[in-house]
Amino acid sequence: MIRRVLVVGLVLITVLLLQSTLFGQLTLLGVRPELVYMVTILFALLDGPAEGAVVGFVGGLMQDFLLNEPKGITALTLTVLGYTVGLSRQFITSPSPLVPAILVALGTAAGLAFHSVVSFLRGEFPHPIGFTTKVILLAALYGAVLTPIAYPLIRRLDEGARPRRVVRF
Amino acid sequence: MSASLAVITLDYRQGTSGPLAGLGEAAQAAMAPLQEAVTGVIRPIEDFFSGLAHLPTLEDQNRELREQIEVLKTRIAADGESRRLYEELLGLLGLQQLNPDSVAATVIANGVSNFSWKVTIDQGTTSGIQVDQPVIVGTSDAPRLVGRVVRVTETSADVELIIDPDHAAAAILDGSRETGLIEGQGDRDLRMSLITPTTEIEGGERVFTEAYEVRGQQGRYPPDILIGAVARLVPADNELEAYVTVKPAVDFSDLRFVLVLKVPTEEPA
């Protein structure tokens, strides 16, 4: 359990660091990838709704605290996103390697749209619809492009951190 | 989900002074060294200049900068990037000599959101940085406005860039001497509003910060810091005011070193 918490914590800190440094420069037409969204979706895909919701909540809260902006909105968004993606696993029957990338693209777009709507309802979203749409689409695309690199890494870390069953004879 | 809603509610009720804000500052303080390390790895050339922002006194800062400039001189012929950084640092040195009570800092992170335009610098309260202090770049001849400090920890500070939609300041047009309010619009040019519709404005006219004092409260920035140049004149859609778009004078995509001015910080009127 502790190993699992450490792995998830390290992954989240790493992606937040990358998002605020390297990917602040490596943008796609001015838009950076939403790595915490991607990590939440991938953990939810691998481990199910409960784990997805917990990873989403913790990752979202960490991002909220770093942003110095209204706290809790990203945590709420990613909690819902992680839970929803985790639930959707049972409906995915295709073994295609494209499934994680498609899920990341759709999940990121839906999550960012949800985040924008909640921020707007709180009166803290001054961005025009055109810019918001551009960010949602490009961040979703960027996430999908990065998924083939991130998914094997996260799956390996996730499997390595799972508790092993001990069989005594 | 309930926990998320509780956090949103607590944050909404407590504003910027509650325990959640404190947690945010603690998170930023913990991340700043890591961000600095990562930035150092991905931009190795910054290591060469990292001492710039850590020097204890102005005298030391100047001496160290001069030493760095001497070292840089030897590399200029072969390295165009070094030349650019040399000129940037030389300009910053001149700017710091004009503003002795200022702090040089290195940009260590670029924020984490697509909807927020902030950077993190590697100087904090231990260097005398406070919230609302202006941040500039440029040379002694032409200081250019970057933004203002919005959150500070012991060793780092968040700077809200002038292009952030939450940012607004008083500004004045260089030629017509018309004043107005300039606001960030994210990835688009700045918007300067509250301009008298009959004002004659030329494209490319420069826009500077405007100082003011109302009932003892001072404006956000000192006067005469270059903000940008008029990019587009927008016809007035009513008879009361017009606005122009302003192209920022700073290239925010490649911001490495800045100067924080320790002017008296008061809430803008």
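Chain B comprises five helices and 14 strands. Helices (H or I, at least four residues) and strands (E, at least two) are DSSP runs, numbered from the N terminus. The model is predicted: local features need pLDDT of at least 70, side-chain atom pairs count only at pLDDT 80 or more, and totals for chains, interfaces and linings use all residues. Residues are numbered from 1 along each chain as its sequence is written, while chains are lettered from A and ligands numbered from 1 in the order in which they are written.

Of the 269 residues in chain B, 41% are buried. A residue is buried if 20 or more other C-beta atoms lie within 10 Å of its own, exposed if 12 or fewer, and partly exposed in between, with C-beta atoms placed from the backbone. Among contacts in chain B with a separation of 6 or more, 57% join residues 24 or more positions apart. Two residues are in contact if their C-beta atoms, placed from the backbone, lie within 7 Å.

Between the chains, 32 residues of chain A contact 32 residues of chain B. On the chain A side, helices H1 (2–20), H2 (22–25), H4 (49–67), H5 (73–88) and H7 (129–161) each supply at least two residues. H4(A) gives the largest share, seven residues. By class, this side of chain A has 19 nonpolar, ten polar and three charged residues. Ala, Val, Leu, Ile, Met, Phe, Trp, Tyr, Cys and Pro count as nonpolar, Asp, Glu, Lys and Arg as charged, and the others, Gly among them, as polar.

H1(A) also packs within its own chain. The axes of H1(A) and H3(A) (residues 35–47) come within 9 Å and cross at roughly 150°. Axes are lines fitted to C-alpha atoms, for helices over the stretch in contact, and angles run from 0 to 180 degrees between N-to-C directions. H1(A) and H3(A) are therefore roughly antiparallel, a term for angles over 145 degrees. In this contact, Val11(A), Leu12(A), Val15(A), Leu16(A), Leu18(A) and Gln19(A) of H1(A) meet Leu35(A), Val36(A) and Val39(A) of H3(A). Eight of the residues are nonpolar, one is polar and none is charged.

The buried residues of H1(A) include Val8(A), Leu17(A) and Ser20(A). Their cover includes H2, H3, H4 and H7 of chain A, together with helix H2 (19–42) and strand E1 (102–109) of chain B.

Two non-glycine residues have positive phi. Leu29(A) has phi near 50° and sits in the loop between H2 and H3 of chain A. Leu29(A) counts as exposed because it has 11 C-beta neighbours inside 10 Å. For Asp224(B), phi is about 65°. Asp224(B) lies in the loop between strands E11 (217–218) and E12 (226–234) of chain B.

How values were computed:
Parallel < 35°, antiparallel > 145°, perpendicular 65-115°, else oblique.
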